[in-house]
Amino acid sequence: MNVQLYIWQRATAVVMVPLVLGHIVVIFYATRAGMSAADILSRTRGSIVWAAFYGIFVAAVAIHAAIGIRNVLHEWLPLGERRAGRFALVFGLLLAALGARAVAAVVLP
Amino acid sequence: MSAAHVPYQLRHRGSPLWLAALVHRLSGVLLAIFLPLHFLALGLAIDGEAKLDGFLRWSEQPLVKLAEGGLVFLLTVHLLGGLRILVIENFPWTGGQKQLATLAAAVSLLAGLAFLARVF
């Protein structure tokens, strides 16, 4: 891992510390037996706060996970650094796109 | 096999901190595999509440709830493992790292169990 990727991975980790803590609180608060889509969407739709919270979360996790996957592929599989990097880039872009779609699905009114 | 018979290249693998590093990496890989599925499930809401509701009903199955408890464990253990790495890299070294790693595993296990107690 080069210095730039190292800094990006640690910086996104720092950004995500409060976001993951918040997400775990949300999981415990919101999850219960018989939870409905209406329960979830009534809280999230039209909310700028949730849009910002999960929008930043998705951006940070797409970068963080892509760099992590790149390292694992390079170190644990016989993939060269370049191929591992290409796969990680596609994976990160996929995560960012699917994550942005998920955030839009739950916050757009 | 006594410690003396383990090849020196593998001796570090008995350390709780080596195990902590392995757990951190494996939890990260598993979370990365889960994330696209999580995003796809939430994205169902684009087609209306009914689709998301259908998925939520499906997720009421005991095995799915059990898997969700596992995910809470993975998320917590990856968070705490990552925090330990950030502290080690950015602050002066402090002792008791093995105990901290064990505590992180215990707290994560408790979080997973607390989630299961809530949903079952």
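Start by colouring chain A by burial: of its 109 residues, 29% count as buried (a residue is buried if 20 or more other C-beta atoms lie within 10 Å of its own, exposed if 12 or fewer, and partly exposed in between, with C-beta atoms placed from the backbone). Keep in mind that this is a predicted model, where local features need pLDDT of at least 70, side-chain atom pairs count only at pLDDT 80 or more, and totals for chains, interfaces and linings use all residues. Residues are numbered from 1 along each chain as its sequence is written, while chains are lettered from A and ligands numbered from 1 in the order in which they are written.

**Stop one: chain A as a whole**

Switch to cartoon view. Chain A has 4 helices and 0 strands (both are DSSP runs numbered from the N terminus: H or I with at least four residues for helices, E with at least two for strands). Along the principal axes, the C-alpha trace of chain A spans about 45 × 25 × 20 Å. The radius of gyration of chain A is 16 Å, whereas a compact globule of 109 residues would have one near 13 Å (it is taken over C-alpha atoms, and the globule rule is 2.2 Å times the number of residues to the power 0.38).

**Stop two: helices 3 and 4**

Now select residues 48–76 and 81–107 of chain A, which are helix 3 and helix 4; their axes come within 8 Å and cross at roughly 160°. The axes are lines fitted to C-alpha atoms, for helices over the stretch in contact, and angles run from 0 to 180 degrees between N-to-C directions. Helix 3 and helix 4 of chain A are therefore roughly antiparallel (angles under 35 degrees count as roughly parallel, over 145 as roughly antiparallel, 65 to 115 as roughly perpendicular and the rest as oblique). Who sits in this contact? Its residues divide into 23 nonpolar, 5 polar and 2 charged (Ala, Val, Leu, Ile, Met, Phe, Trp, Tyr, Cys and Pro count as nonpolar, Asp, Glu, Lys and Arg as charged, and the others, Gly among them, as polar).

**Stop three: helices 1 and 3**

Next, pick helix 1 of chain A along with helix 3: they pack at an angle of about 140°, with their axes 9 Å apart. That makes helix 1 of chain A oblique to helix 3 of chain A. Show side chains for the contact, which includes Trp8(A) and Leu19(A) of helix 1 and Phe53(A) and Ile67(A) of helix 3. In this contact between helix 1 and helix 3 of chain A, 13 residues are nonpolar, 5 polar and none charged.

Zoom in on Val15(A), which is in helix 1 of chain A. Is Val15(A) buried or partly exposed? Val15(A) counts as partly exposed because it has 17 C-beta neighbours inside 10 Å. Leaving aside residues up to four places away in sequence, Val15(A) touches Ile56(A) and Ala60(A) (two residues are in contact if their C-beta atoms, placed from the backbone, lie within 7 Å).

**Stop four: where the chains meet**

Bring chain B back into view: 29 residues of chain A are in contact with 26 residues of chain B. On the chain A side, helix 1, helix 2, helix 3 and helix 4 each supply at least two residues. That side of chain A divides into 22 nonpolar, 4 polar and 3 charged residues.

**Last stop: chain B**

Buried residues make up 24% of its 120 residues. The C-alpha atoms of chain B fill a box of roughly 60 × 35 × 25 Å along the principal axes.
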